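Me: I am new to this structure and would like to go through it in questions and answers. Please show it to me before we start.

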Amino acid sequence: MKKIIVIMKKDLRETLRTKAFYVSIAMVLFIVVMLGGAVGGQINTLIEKGLAPAEVISAIQPLMGTTAFMLSLMLMMLFCMYINAYTLTMEKIKRSIESLLCTPLSLRQICLGKSLAVFLPSVILGLVFTFGGIVGINRFFIVPKLGHFVMPGTAPLVAILVVVPLIVFFLAVLMIALQLIITNIRWINAALMGVIFGVGFGLSSTLRFGAESWSIVFLSLGVAAVLTLVTIYLSRLVTKERIVLSSKG
Amino acid sequence: MNAAINLERVSKNLGNREILKDISFAVEPGDIFGYLGPNGAGKTTTIRVILGLFKPDSGKASILEEDISRDEARAKVGFILEADGLYDNMTAYANLDYYCQIYGVPQAQAKEKIKDMLQLVGLSGRASDKVSAYSKGMRQKLALARAMVHEPTAGVDPTGQIEVRQIILNLAQRSKTVFLSSHNLDEVQRICNRIALIDKGEIKLYGELEKLRREMGRREVVIDTAIRTTEQAEVLDGILAELKSLPYVVSCRREAQKLHLQLDGRGDVSEIVAMLSREKLGVEEVRKGEISLEEIYARVTKSGE
């Protein structure tokens, strides 16, 4: 575990030095503000309908749940892609990955270390921006009119705090595995976009159950399970030989 | 004695290409082993097999009698690859510190060790510079320091900067094995005690360098004649054709007064000396030829074409 953390810390430090990382934060901030504004508008419409505050709150809560769930998923996946694109691509271009493979580290330790370096900041930043968005919507649209702070329900909170990070973890491992064995960076990007859209579309279908429903948690767990199976299958293909040969380009 | 590196009938294909064809050699502890061959001969693939990056399709590769695919076996190996593997965005110190942590060097020792290693390769003044600012030579030195982070510092004299060649020689003196793949034949000749020469995926030559030079040089004969006049030189040129027709003479050429002959195993120098005497061409000295690694290399790789 200690060596996994060594790899993770080094990759994290490298990520924090890149401009792309800060550009991604600025982009995500923009998305959160825009989405917050749109949700705030919907909440205003509900309030202006003249419903009683309790009715408004019970109408707002599912909306907050849906927004928070989709926002967390989208942001974590976005960060995942941005952070991932830098660390390993550079290692393959500079072929420092080859030296790393000759050390006493196992392939599993290298993959896990690199995956955690993508997963941890993605989840932390995703959660910070998601809850920042919830706080912002409450602060600017809900509290001034209703005097109440409205949080998403238990089901979306469980999904955001447990299941979405689980999906993102396997997504990060999958991305690392793909990047390790695919030579062409364009193919890698196309594959990553495919995976992200696949997960996004797969989960957007859960919204017809309503974000308050526990179905969203179970369906998300289903997506996580599919990702786990794909990751396990792909991890069999990740060999040192494939990594070295795919680093040539 | 157990071999430090042992390859037994290793074959490796990449796609449809046969890169290594049943190659075998052993590197003994304390050897400075030169691994030579033209571009595309299979040197890099051999090194990748030795370092556990490639699995042989058949045959066996081991380091200190351990399968290199075991993580513990790789902990005993330091390496510098063609791509030095240094991180440009990190300082020299941070690069070494990263590898110290990977090799499990205790934090308390790591600081001192990094300091010693940087001093040894003459980079202590540039420890906090980013590697991206380093020249190629400095990068090589840093890569060498990195290759030694898993080594006990005892025995290494960090008091002053020494040349890379001397560092390699010092390692061998401490019974460490050095496997050196290089195109610099002069350097290999100076520091390596044993070599292997690979061409088209096959080991063409393997053994102790001095022994190989002696064996191959034994067939080289240089005869210093006593010719002084143009007429004598013309007679000698006439004899050259006669010498070339002898069954044991592989090649024959004249350089001023000297006659360079390459003989096969049946070679008889006395017969040649007698021929020269018959023509009244005096012989001042007969020497066995000195053969350089460069000549060995050229001869072996050329014969394979």
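Me: Which residues in α3(B) meet A110(B), K113(B), I114(B), M117(B) and L118(B) in α4(B)?
Reply: Helices are DSSP runs (H or I, at least four residues) and strands are E runs of at least two, numbered from the N terminus. Two residues are in contact if their C-beta atoms, placed from the backbone, lie within 7 Å. On the α3(B) side the residues are A92(B), Y93(B), L96(B), D97(B) and C100(B).

Me: How is this model to be read, and at what angle do the axes of α3 and α4 of chain B cross?
Reply: This is a predicted model, in which local features need pLDDT of at least 70 and side-chain atom pairs count only at pLDDT 80 or more, while totals for chains, interfaces and linings use all residues. Residues are numbered from 1 along each chain as its sequence is written, with chains lettered from A and ligands numbered from 1 in the order in which they are written. Axes are lines fitted to C-alpha atoms, for helices over the stretch in contact, and angles run from 0 to 180 degrees between N-to-C directions. The axes of α3 (residues 92-102) and α4 (residues 107-120) of chain B come within 10 Å and cross at roughly 125°.

Me: Is L118(B) buried or exposed?
Reply: L118(B) lies in helix α4 of chain B, and touches A92(B), L123(B), S124(B), A127(B) and A145(B), not counting residues up to four places away in sequence. A residue is buried if 20 or more other C-beta atoms lie within 10 Å of its own, exposed if 12 or fewer, and partly exposed in between, with C-beta atoms placed from the backbone. L118(B) has 22 such atoms within 10 Å, so L118(B) is buried.

Me: Which element gives the most to the side of domain 1 of chain B that touches domain 2 of chain B?
Reply: Chain B is assigned domain 1 (5-208) and domain 2 (219-303), with bounds from an automatic or database domain assignment. Nine residues of domain 1 are in contact with seven residues of domain 2. The elements giving two or more residues to the domain 1 side are α7 (185-191), β7 (194-199) and β8 (202-208) of chain B. With three residues, the one that gives the most is α7(B).

Me: Which elements give two or more residues to the side of chain B that touches chain A?
Reply: In this interface, 22 residues of chain B are in contact with 19 residues of chain A. By class, the chain B side has 12 nonpolar, four polar and six charged residues. The elements are α2 (71-74) and α3 of chain B.

Me: How many helices are there in chain A?
Reply: Chain A has 249 residues, 45% of them buried. Along the sequence, the pattern is α-α-α-α-α-α-α-α-α. There are zero strands, and the number of helices is nine.

Me: How far apart are the axes of α5 and α6 of chain A?
Reply: Helix α5 (residues 107-146) and helix α6 (residues 154-181) of chain A pack at an angle of about 145°. Their contact has 13 nonpolar, three polar and one charged residues. The distance between their axes is 9 Å.

Note on methods:
Nonpolar A, V, L, I, M, F, W, Y, C, P; charged D, E, K, R; others polar.
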